[in-house]
Amino acid sequence: MSEQSLPADALPEYAERVLDVADQIPPGRVMTYGDVAEWLEEGGPRQVGRVMALYGGPVPWWRVVRADGALLPGHELEALDHYRAEGTPLREASRASGTHLPRIDMKQARWDGGERTEGHTRQVPARHRQERDG
């Protein structure tokens, strides 16, 4: 994550929108890069990931995650501290995974946008809620 913050007027418009979504995700909940792109109805997971990598330092970047729930490489321990502090549901690492780090429990932690804050009305598409709810 980039820890540098730029003046808001220096950010590309798409980046501002992505960061706004990241800022809306409640503590203990997550959205995938693809969820954010679908919420915005623009771009895709890679574009959202690029924005988060370049500009995500000032927002709760740990709440925008990979769809498989794996922790962000290079930032695993910092993210894990945030998840534990916020009560984000985690799944312990399996012996077969080859890592000792847990993953985010996506079925429980994934946010569908239901507790929206002012100015946001679009929810994550139903197919994501169905995937989440299994």
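Helices are DSSP runs of H or I with at least four residues, strands are DSSP runs of E with at least two, and both are numbered from the N terminus. The legends below use these names, and they describe a predicted model.

**View 1**
Of the 134 residues of the chain, 46% count as buried.

**View 1. The crossing of helices H1 and H2.**
Helix H1 covers residues 13-24 and helix H2 covers residues 33-40, and their axes come within 10 Å and cross at roughly 115 degrees. The crossing of H1 and H2 is right-handed. On the H1 side, the residues that take part are Tyr14, Arg17, Val18, Val21 and Gln24, and they meet Val36, Ala37, Trp39 and Leu40 of H2. Sorted by kind, the residues of this contact of H1 with H2 divide into 7 nonpolar, 1 polar and 1 charged.

**View 2. Helix H2 and the residue that follows it.**
Is helix H2 largely enclosed or open? A residue is called buried here when its relative accessible area is under 20%, and 8 of the 8 residues of H2 are buried, so this helix is largely enclosed by the rest of the structure. The buried residues of H2 are Tyr33, Gly34, Asp35, Val36, Ala37, Glu38, Trp39 and Leu40, and among them Val36, Ala37, Trp39 and Leu40 also meet H1. Just after H2 comes Glu41, which takes a positive phi of about 55 degrees, although Glu41 is not a glycine. Glu41 is found in the loop between H2 and helix H3, the latter covering residues 45-55. With a relative accessible area of 61%, Glu41 is exposed, whereas the residues of H2 are buried.

Val51 and Leu19 are 32 residues apart along the chain, while their C-alpha atoms are separated by 8.0 Å. Met52 and Ala15 are 37 residues apart in sequence and 8.1 Å apart in space, from C-alpha to C-alpha.

The structure holds 1 cavity of 30 Å³ or more, and the largest cavity has a volume of about 50 Å³. Its lining is made up of Tyr33, Trp61, Trp62, Val64, Val65, Arg66, Ala70, Leu71, Leu72, Ala79 and Tyr83. Which elements give two or more residues to this lining? They are strand S2, which covers residues 64-65, and helix H4, which covers residues 76-86. The residues of the lining divide into 10 nonpolar, no polar and 1 charged. One of the lining residues is Tyr33, which was listed above among the buried residues of H2.

An exposed residue is one with a relative accessible area over 50%; Leu77 counts as exposed at 58% relative accessibility, and Ala85 is exposed with a relative accessible area of 69%. Each of these residues can be viewed together with a partner from another part of the sequence. Leu77 and Leu101 are 24 residues apart along the chain, and their C-alpha atoms are separated by 8.7 Å. Ala85 and Pro27 are 58 residues apart in sequence, and the distance in space from C-alpha to C-alpha is 9.1 Å.

Technical notes:
Residues numbered from 1 in each chain as written. Predicted model: local features only at pLDDT ≥ 70, side-chain atom pairs only at ≥ 80, totals over all residues. Heavy atoms only, no water. Axes fitted to C-alpha atoms, helices over the stretch in contact; angles between N-to-C directions. Left-handed = near helix turned anticlockwise from the far one by under 90°. Contact = heavy atoms within 4.5 Å. Nonpolar A, V, L, I, M, F, W, Y, C, P; charged D, E, K, R; others polar. 1 Å grid on protein atoms, 1.4 Å probe; cavity = no way out; pocket = protein on both sides within 12 Å on 5 of 7 lines; lining within 4 Å. Points joined across faces, edges and corners; volume = space filled by probe spheres on them. Buried < 20%, exposed > 50% of the residue type's maximum accessible area, 1.4 Å probe, protein only.
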